[in-house]
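Dear colleague,

Please find the structure below, handed over for your own work. My notes on a cavity and a helix pair follow it.

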Amino acid sequence: MSSAPFNVLSTTAVDLQQLLANKQITSVQIVRQYFDQIDRHEPFLNAFISQAPRDKVLRVAAALDEERSNGSVRSAFHGIPIVLKDCFTTASNLGMATTAGSWAFVGSKASKNSAIAQLLIDAGLIIIGKGNMTEFAGMKMTMMMPGWSSHGGQTLSPYVGKIEENEAILGHSAPGGSSTGSAVAVAAGFSPLAMGTETIGSIVTPSTRAGLYALKLTTGVMDTTGMYTMTDFFDSVGPMAKSSADVRTMTEILLQRTFGSDKFGTWEGLSVGFLDPRVWKMAEAICLPREGTAEQMIEEYEEVIRLLQSNGCSLKYPIEIADLDEPTVDGESATMRIAFWEFKNVGIRRFIDSFDECPVRSAEDIVKFNRENSDRAMPEPYTEQGDLEKSLTYNDDPKKIAELRQSHRSAARQIIHAAFDTHGVNLIVAPGDSSLCIHAAAAGYPIATAPVGQLRYNGRPFGLCVLARADEEELLLRFMAAYEAVAKPRPVPDL
């Protein structure tokens, strides 16, 4: 068996699986090569909040190699490394903490893995580390830079490097979204695969900014026992990878079903509506335009439309979808009301309960801990915890929140279905830098990403996001496969 090195920046998990199946490489050799890349670039990029002890990882890899040589293969990704966002609880004996980015959870001990971590381990994937994340997925203070946590520091883009001074929260040098560490780990060649979570935009934004294919699954389809979710209502999980085939295989492992369709790689049965990028863009308050960036993103978006049309994709452009007029309570949007209430009363309590030992017992305890340890927990420039403090005031009757959730969800679904039906499409596409992820979150619908290009201004990747109805992951996976077959290759960072 040769240990021919592979290119960590471009090799996919499916490529590695092929090498393993052909006995051209071992999982131990694969893991060592990722370790080398981590050693070279992690000190600058800061994608990890904790890495698994390498001796343990190598023992797991060797055991999986042994299983393979005995003819036992657990899944298509047996022996392949993966990074989990730091909200998937892992048993303490794996040697990684689970903190959701907060110092308040350092020292917590868990005897069990979260349901999803266990599912991946059972499928023979090798967890090599936890990706850094926006602390509590953003439920700490409003204008905190995505990819920053008090425990993990700031994750940087492997394409852009340092964040520009006075950068807007989702500006062109910002890595974007709470699953930033997971996305950066894949793009920088630290792992072929990662798992993220999304409340609103937390998989979509970092994935498009890391030139990745990714998929946020339909809300509620996965067992989220033993992990940090801000809400039950909006949050879902999903894989990030360098190819549509990797995302498809990961989705099959997660949903424990096979997408056996012979239509993969074709446009058959797909009808796609593209939203207008002049309308569907980020507000200037959160992403300041730079010279030529808006024009370039529109130009390349419309190039994609022409490319897909010329390759037989049935599409309509531009289509329209109504704005999401949120119900309000006491003048506050439903999104905020639901998010704050669920964080305090459901999400954080359940996360705490996933540990056998935990230094904090409630949102109140976290606020108190941060005040008492402000040098670590609230360092410059993020010296407050306004959202955490605000969450303590949410004491609505659960019945009132349930009604609000119901009205918000049905309003969002009506708007999306009206757009699907009016235009006769089954997928809706927008720029990755847009608010389509808000519609997806409110409806609880799956949303995927695909890479388009890189800004001439600073090399930052940008891409598409694609929305489908509930449980129609297969349509999204088929779109990604057909798109990837004709699109230019995803951008690789120049590290």
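A crossing is called left-handed if the near helix is turned anticlockwise from the far one by less than a right angle, and right-handed if clockwise. Helices are DSSP runs (H or I, at least four residues), numbered from the N terminus.

The model is predicted, so local features need pLDDT of at least 70 and side-chain atom pairs count only at pLDDT 80 or more, while totals for chains, interfaces and linings use all residues. Residues are numbered from 1 along each chain as its sequence is written, and side-chain values use heavy atoms, with hydrogens and water left out.

**Helix pair.** Helix α4 (residues 115-122) packs against helix α7 (residues 244-255) at an angle of about 115°, and their axes are 10 Å apart. Axes are lines fitted to C-alpha atoms over the stretch in contact, with angles from 0 to 180 degrees between N-to-C directions. Because 65 to 115 degrees counts as roughly perpendicular, α4 is roughly perpendicular to α7. The crossing of α4 past α7 is right-handed. I116, L119 and L120 of α4 meet M250, I253 and L254 of α7, where contact means heavy atoms within 4.5 Å.

**Cavity.** The count is one cavity of 30 Å³ or more. A cavity is a set of points on a 1 Å grid over the protein atoms alone where a 1.4 Å probe fits but cannot get out; lining residues have an atom within 4 Å of a point. The largest cavity holds about 50 Å³, a volume being the space filled by probe spheres set on the points. Helix α5 (residues 180-187) gives the most to its lining, with three residues.

Kind regards

How values were computed: On a 1 Å grid over the protein atoms alone, a cavity is a set of points where a 1.4 Å probe fits but cannot get out, and a pocket is an open set with protein on both sides within 12 Å along at least five of seven lines; lining residues have an atom within 4 Å of a point. Helices (H or I, at least four residues) and strands (E, at least two) are DSSP runs, numbered from the N terminus. Angles under 35 degrees count as roughly parallel, over 145 as roughly antiparallel, 65 to 115 as roughly perpendicular and the rest as oblique.
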